Amino acid sequence: MSITTILQHSLTGISLGGAYGLIAIGYTLVYGILRLINFAHGDIFMMAGYFMIFSLASFPWPIAIVVTLLITVLMGIAIERVAYKPLRSSPRMSIMISAIGVSYLLQNLATYLFTAIPRGYPEIPLLKRIFRVGELSASLVTLLTPVLTIVLVVLLMILVNKTKTGMAMRAASKDFETAKLMGININRVITVTFAIGSLLAGIGSILYFTDRMSVTPFSGTLPGLKCFVAAVFGGIGNIPGAVIGGFFIGIVETLLVALGYSTFSDAFTFVLLIVMLLVKPTGLFGEKTMEKV
Amino acid sequence: MRRSRNTVLSVISAGVFLAILYMLNLNRAGNGMLISIMQKSAIFALVAVSMNLLNGFTGLFSLGQAGFMSIGAYTTAILLIPVQSLDGVYYMNGINPGIRALKVFLSALPPWFQSVYPFVALIIGALFAAVIASIVGVAVLRLKSDYLAIATLGLSEIIRALFSSPQLDGITNGSYGLNKIPAFPKMFGGLVPPIITPFIVSAVCITLIVLLIRSSYGRAFMAIREDEIAAEAMGISLFKHKSMSFIISSFFSALAGGMLAMYMRSIEAKTFSITLTYDILLIVVIGGIGSVTGSVLGAFLVTASKEWWLRFFDQPLELFGWDVPLFRTGFRMVIFSILLMMVVLIYRRGLMGTNEFSWDRIFGRFKWKRKKVQGGGS
Amino acid sequence: MNGIVLKTEHLTMQFGGVVAVDDLNIEIPQGHITALIGPNGAGKTTAFNVITGGYMPTNGRVVFHDKVIGENHPRSKMKKIYNGSDRTTFHHQVVNTPDKITRLGMARTFQNIRLFKELSVFENVLIAKHCRIKAGMLSATFRLNHVEERTMREQTQELLKTVGLADLAREKASSLPYGKQRRLEIARALATSPSLLLLDEPAAGMNPKETEELAQFIKDIKDSFNLTVFLIEHHMNLVMDISDKIYVLDYGKTIAMGTPKEVQNDPAVIRAYLGVEDE
């Protein structure tokens with residue numbers, strides 16, 4: 001394999017990793033506060049793909065992006081309200097089943113509304129513009145993804161660390177019950193968390209699908225699970241950790257495909273998950289917690 | 001006295017069910033769909049019960065069912081595909097010579113062996129899955145609730161990736177899958193016709209699981225579900241009992257997987273994706289987490305409504321010359337998902353909660369208001 | 001009769017920089033009732049958890065019937081930050097999970113009652129008998145052990161009668177009133193056939209009358225089951241009434257020990273209790 005191909009693949013990997021990182025943040029935020037694997041997050045990402053297809057059919061692309069993101073955020077908030085909020089004091093297994101149920105519902109809804117046949121993802125000409133450096137070629141979206149990811153993470157970190165809402169989020173993720181007693185409006189915090197998670201999933205969706213060019217009702221499942229793994233890998237509850245996890249998985253996956261092990265590229269993620277959980281369950285940057293007897 | 005009445009009633013209803021099956025068997029041609037749906041229900045009932053053993057009785061939220069089913073399905077299929085069909089099945093990449101030799105050897109064995117061979121194959125598949133479960137269990141079972149869920153789900157995906165990988169072409173036929181799998185065999189020299197075989201196998205396996213649940217070990221499982229720390233303080237080894245539950249659940253899931261291969265006659269890795277696990281979870285949740293009879297009932301109800309009763313949702317519907325909107329392909333599954341969400345959010349106990357079906361409860365409903373009858377119990 | 005059932009040597013438990021139990025040395029003689037008292041947060045429950053195998057000690061040794069059931073010395077990261085007051089070096093590491101220790105004959109209850117809530121009273125006790133089962137899983141599934149199973153059930157019934165819960169056998173554990181739940185938890189611990197019973201605040205949340213009944217109950221079961229008892233308690237009346245020997249813990253350290261009389265008059269104890277008295 002020549003140096004150019006390696007670079008070419010690395011570039012693709014970094015770009016994919018950026019999209020993964022954005023989705024992984026949604027998992028890490030929600031898990032940090034509710035201790036819930038939001039199984040529906042990957043499907044929110046998939047639905048955002050369809051929203052984009054339809055809004056781009058009727059609006060120019062800048063407006064279409066805004067519309068898509070708005071609907072995605074609303075959907076994320078609505079899912080929390082309807083499916084998770086009533087179960088907040090139930091055993092963890094029920095809320096997890098509810099999350100799986102929502103995922104199931106969204107997939108079936110998408111199959112019903114848009115059929116299972118892959119739909120072409122519209123091209124935004126600007127994003128698809130090709131740049132060439134020597135023998136390397138990349139579309140704008142490939143270059144834009146990692147940059148945008150990092151910018152968004154920095155913004156998010158500022159939000160979490162400097163604003164009042166961010167402080168409430170951190171308090172809720174440290175100790176849910178105490179935060180509630182201290183007068184933090186926990187429902188608002190959760191709503192904000194889901195809004196941010198869905199927004200980033202929406203952005204991730206645009207970046208991801210622009211490179212992949214088609215959407216099916218099931219295209220959210222695997223990326224979703226992979227991004228959860230990314231979040232675990234980086235240490236659940238840790239935002240930069242999730243992004244680093246996303247980049248890592250994206251790059252390794254792309255390289256595995258390039259080396260001809262495409263069937264194992266999905267399996268790799270899960271091997272990574274199991275190894276990580278056994279060796280360092282708190283992830284790369286996670287904090288240790290002790291269970292009380 | 002009440003006990004003997006209950007036994008009599010149970011035997012009678014089992015007899016009636018069997019009689020219906022035999023009647024269906026006499027008129028196979030006319031009842032093809034019904035038979036097929038019921039067979040699928042019986043197979044899913046077994047998987048659902050084995051999932052319930054883990055999730056409902058031991059409190060381990062595992063999502064690896066599809067993976068273990070695929071181990072059973074592939075093993076059984078490879079062992080059962082007739083030697084003369086091998087070249088047709090593995091037309092792309094050829095079959096591993098070792099496996100061919102083994103199969104040629106087995107096919108030369110006497111007829112008595114051939115008549116039990118399908119069942120041997122099922123058990124080999126199940127044992128294989130149990131071995132895998134015991135190995136990965138060591139690693140995975142240390143994890144808590146949701147981490148266990150995602151790790152088992154990952155495991156199932158790893159197994160699927162392995163089966164469809166080109167490196168295993170000679171064994172699993174990679175992404176082409178396997179076909180020409182023989183259908184259900186007859187049992188007891190024809191006393192049980194092929195159509196009824198899956199019901200008998202499922203019933204026997206479910207009975208075994210129930211016996212286990214009602215034994216001292218089953219009670220230990222429930223103790224772990226209720227409170228791990230207290231269970232451990234009562235001298236119950238968490239690791240040993242969790243592994244037991246995990247291995248047995250995998251064993252029976254794989255056995256059901258093997259039957260699914262016989263039922264479908266052709267399998268591919270895609271059949272055993274995460275969606276399959278979700279489908280089974282749906283049955284368990286609707287039936288009631290922690291109820292064996294709930295899972296069985298759930299399996300029949302869910303499968304029947306999915307494949308039959310709710311089919312009309314997928315057909316365009318015209319009422320009084322007005323095209324009812326919404327009715328088209330896929331609507332059925334949407335209705336299903338909404339039903340599931342309703343069970344999860346509103347009717348949380350499912351059909352049976354953690355209770356088991358009992359005649360006393362049925363009679364308790366009709367007769368005078370007797371003191372609250374205890375369901376299940378000891 | 002005078003053998004030492006349980007002994008801890010320089011037992012220390014440190015979480016990060018916090019030393020929860022510091023150099024605890026206790027001896028519990030056969031047939032005695034020994035109490036561990038101290039203000040909230042003194043490290044009593046932590047000591048219990050270390051003894052029963054819930055935590056691995058940072059340093060020290062636990063000996064049960066002349067058998068070392070837990071031993072450790074500061075290692076890896078702890079080596080640097082260890083600040084327990086005793087550094088007697090132990091060389092081995094002995095780890096036992098709680099279930100193994102229970103099977104060796106040490107049973108416990110919990111401060112915040114941990115019953116199998118959804119199961120019946122009868123099942124709660126029956127499950128505790130499981131750790132003594134001889135039949136394997138397969139023979140239990142096929143009911144080849146029906147004699148053993150019947151014996152287990154009979155013994156359970158017997159035990160429930162002894163502790164006065166026989167008429168509630170079919171009730172759900174969580175539906176019992178508080179005092180009865182405590183009693184059930186003790187019954188469940190007894191079902192594991194222990195020689196040493198550890199009670200973690202058995203009288204918590206009880207009124208004086210219930211406490212008195214409990215004192216009698218503990219004395220009764222001690223005699224009828226030939227037990228040694230080790231308990232943590234806040235109710236001074238109960239402790240003074242039934243204990244043969246008392247250890248007083250404060251900030252992880254043993255500040256006094258002796259008979260109830262001796263401890264009652266110990267100035268260090270009075271200071272510890274009056275100084276932080278806020279109950």
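1. Helices (H or I, at least four residues) and strands (E, at least two) are DSSP runs, numbered from the N terminus. The model is predicted: local features need pLDDT of at least 70, side-chain atom pairs count only at pLDDT 80 or more, and totals for chains, interfaces and linings use all residues. Residues are numbered from 1 along each chain as its sequence is written, while chains are lettered from A and ligands numbered from 1 in the order in which they are written.

2. Helix α12(B) covers residues 238–264. Its 27 residues should span 39 Å at 1.5 Å a residue, and the end C-alpha atoms agree with this at 38 Å apart; the expected span is 1.5 Å times one less than the number of residues. After α12(B) comes B:Arg265, with a positive phi near 70 degrees.

3. Of the 27 residues of α12(B), 20 are buried, so the helix is largely enclosed by the rest of the structure. Buried here means that 20 or more other C-beta atoms, placed from the backbone, lie within 10 Å of the residue's own.

4. Chain C has an open sheet of six strands in the order β6-β7-β8-β3-β9-β10, with mixed pairing. Two strands pair if DSSP finds at least two bridges between them. At the edges, β6 (106–108) and β10 (253–258) of chain C each pair on one side only.

5. Within chain C, β3 (residues 33–37) and β9 (residues 245–250) run parallel and are joined by four bridges. C:Ala35 has C:Ile246 of β9(C) as its bridge partner.

6. In chain A, β2 (residues 130–133) pairs with β3 (residues 136–139) in the antiparallel sense over four bridges. A:Ile130 is opposite A:Ser139. The two strands form a hairpin with two residues between them, and A:Gly134 in the turn has a positive phi of about 60 degrees.

Definitions and conventions: Buried ≥ 20, exposed ≤ 12 C-beta atoms within 10 Å, placed from the backbone.
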